[in-house]
Amino acid sequence: MSNPVQLLERLSTVRGLRGSVLVSAADGLIVAESLMTGVDGRAVAALAASLMNRLRRATESAGRREPVFLQLQAQGGSVLATPCGPDLVLVAVAGPDANVGLARLEMLEAAGKVA
Amino acid sequence: MSDDIRGMTAELAADPDSLIFLELGEALRRRGQLDAAFKVARTGLGRYPELARAHDLFARIFCDRKEPDRAFESWVTALQFDPSLVSAHKGLGFLYYQAGDLASAEKHLAYAGQADPDDGGTATALERVRADATAAKAAPASVSAAGAEPAQAEPRAAGDGAAPDDVMLPTIAGAGGLAFSFDEGARSPVQEAVFSGLDGGADGLLLVDANGLRLGGGLRNPDGQDVADSVAALLAGVSKEAARTTRLLALGDWRGLAVECGDGNLFLSAPSDSTLLLTVRGLDVPMGRVARFAERASAAARTWLERAE
């Protein structure tokens, strides 16, 4: 497993990303974080983990495989999340000008290293 | 205990919120383990009191336990939560037929038949009910002479009150009664209406209300099984959670939730404040196109909701 903080700091170089957190999937607590000032890390962690768990159950019930990436789109940006194995979730907050495609690729790569 | 039942029991023990209780309860019922089926159904209903399919399961068990009154209540409740649940219409049609209320039996069976025109069992049952109704009208003198209401036929003994499914077919058919199958693959007229005119129709489109109840559309798993109700129940609260997340992060109103799975692309959107629309497509459809299709489906759902109100 690579150093999580280094992976998060690398992610923060993607244009438009306001930061990222590594979250415990079970309880939504922060494992590691690299966030811009003003971004509520605890809220990001708890809510994104909860959303991921809920969607895991829904996709399972639909007979689909587990979610590998999700993007919650909003007027002022996005919340991106990807599971890192069964226990962790990597979450990033993106502004409206973010390169979401690049962020997605970087996150999936980072998730593979963390898992 | 079969491997299937053992597996489902283990799954339910590991996740008491799992909707596997529906399959487990039905499997136990089919094996005649009615007490066990009842316990599973009762526990599941405690967790999902508004899930139509849970009430439907309860009704089947009551039928097998020869408690038609309770079966009737459960199917009526099921239809309150999902007026388009075909199996509940079939069940009520069967019970009304048994009770001799041919007009009500015909009404429910006609709905089930309209929802699934290819279901031969329902079509045969409907023919039988209509034939009996015609016969009852043709012989009013003898009925009147006995002091009975002419519109009512004699109660049927078909099936001895057992659940009208494929297990009971020989008994019911042997008694000259009705033959049913609980194939829930049918898409109801209501489901068709919401998304009519869209490319691909209602396949992989599911409109859900804030309580996790299906409003329209349908969803099947890759094996072709209807999973709409169970998925709808699990989606309850997603809209609020998404709104809360974006509000706390000062991102404004949420517009959509794109979910990539290993074998498909899902998109969630909110046609209105109190509804959620799930669009499911295979991996061969890029997420961007799924989102665009979801946008058009949302517009269709909004129109339908406005008309319904």
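The questions and answers below go through a predicted model of two chains and set its values against the definitions behind them.

Residues are numbered from 1 along each chain as its sequence is written, and chains are lettered from A in the order in which they are written. Local features need pLDDT of at least 70 and side-chain atom pairs count only at pLDDT 80 or more, while totals for chains, interfaces and linings use all residues.

Q: What makes Lys66(B) count as exposed?
A: A residue is exposed if 12 or fewer other C-beta atoms, placed from the backbone, lie within 10 Å of its own, buried if 20 or more do, and partly exposed in between. Lys66(B) has 11 C-beta neighbours inside 10 Å, and therefore it counts as exposed. Lys66(B) lies in the loop between helix H4 (52-64) and helix H5 (68-81) of chain B, and its phi is positive, about 60°, although it is not a glycine. Most residues other than glycine have a negative phi.

Q: Why is Ala250(B) called partly exposed?
A: Ala250(B) counts as partly exposed because it has 13 C-beta neighbours inside 10 Å. Ala250(B) sits in the loop between helix H13 (238-248) and E3 of chain B, and it too is not a glycine but has a positive phi, of about 55°.

Q: How do you know that the length of helix H8 (residues 120-138) of chain B agrees with what it should span?
A: Helices are DSSP runs of H or I with at least four residues, strands are runs of E with at least two, and both are numbered from the N terminus. The expected span of a helix is 1.5 Å times one less than its number of residues. The 19 residues of H8(B) should therefore span 27 Å, and the end C-alpha atoms are 27 Å apart, which agrees.

Q: Which residues of H8(B) are buried, and what puts them on the same side?
A: The buried residues of H8(B) are Gly121(B), Thr122(B), Ala125(B), Leu126(B), Arg128(B) and Val129(B). They cover an arc of only 160° around the axis, and so they lie on the same side of H8(B); the arc is that of the directions from the helix axis to the C-beta atoms. These buried residues pack against helix H6 (86-99) and helix H7 (102-115) of chain B, whereas Gly120(B), Ala131(B), Thr134(B), Ala135(B) and Ala138(B), on the other side, are exposed.

Q: What makes strand E1 (residues 17-24) of chain A mostly covered, and which strands pair with E1(A)?
A: In E1(A), 6 of the 8 residues are buried. Two strands pair if DSSP finds at least two bridges between them. E1(A) is joined by 7 bridges to strand E5 (residues 88-94) of chain A, running antiparallel, and Leu17(A) stands opposite Ala94(A). E1(A) also pairs with strand E2 (residues 30-35) of chain A, in the antiparallel sense, over 5 bridges, one of which has Val23(A) and Ile30(A) as partners.

Q: How many residues are in contact between chain A and chain B, and how many bridges join E3(A) to strand E3 (residues 254-261) of chain B?
A: Two residues are in contact if their C-beta atoms, placed from the backbone, lie within 7 Å, and 32 residues of chain A are in contact with 35 residues of chain B. H2(A) gives the most to the side of chain A that touches chain B, with 12 residues. E3(A) and E3(B) run antiparallel and are joined by 7 bridges, and Ala74(A) has Trp254(B) as its bridge partner.
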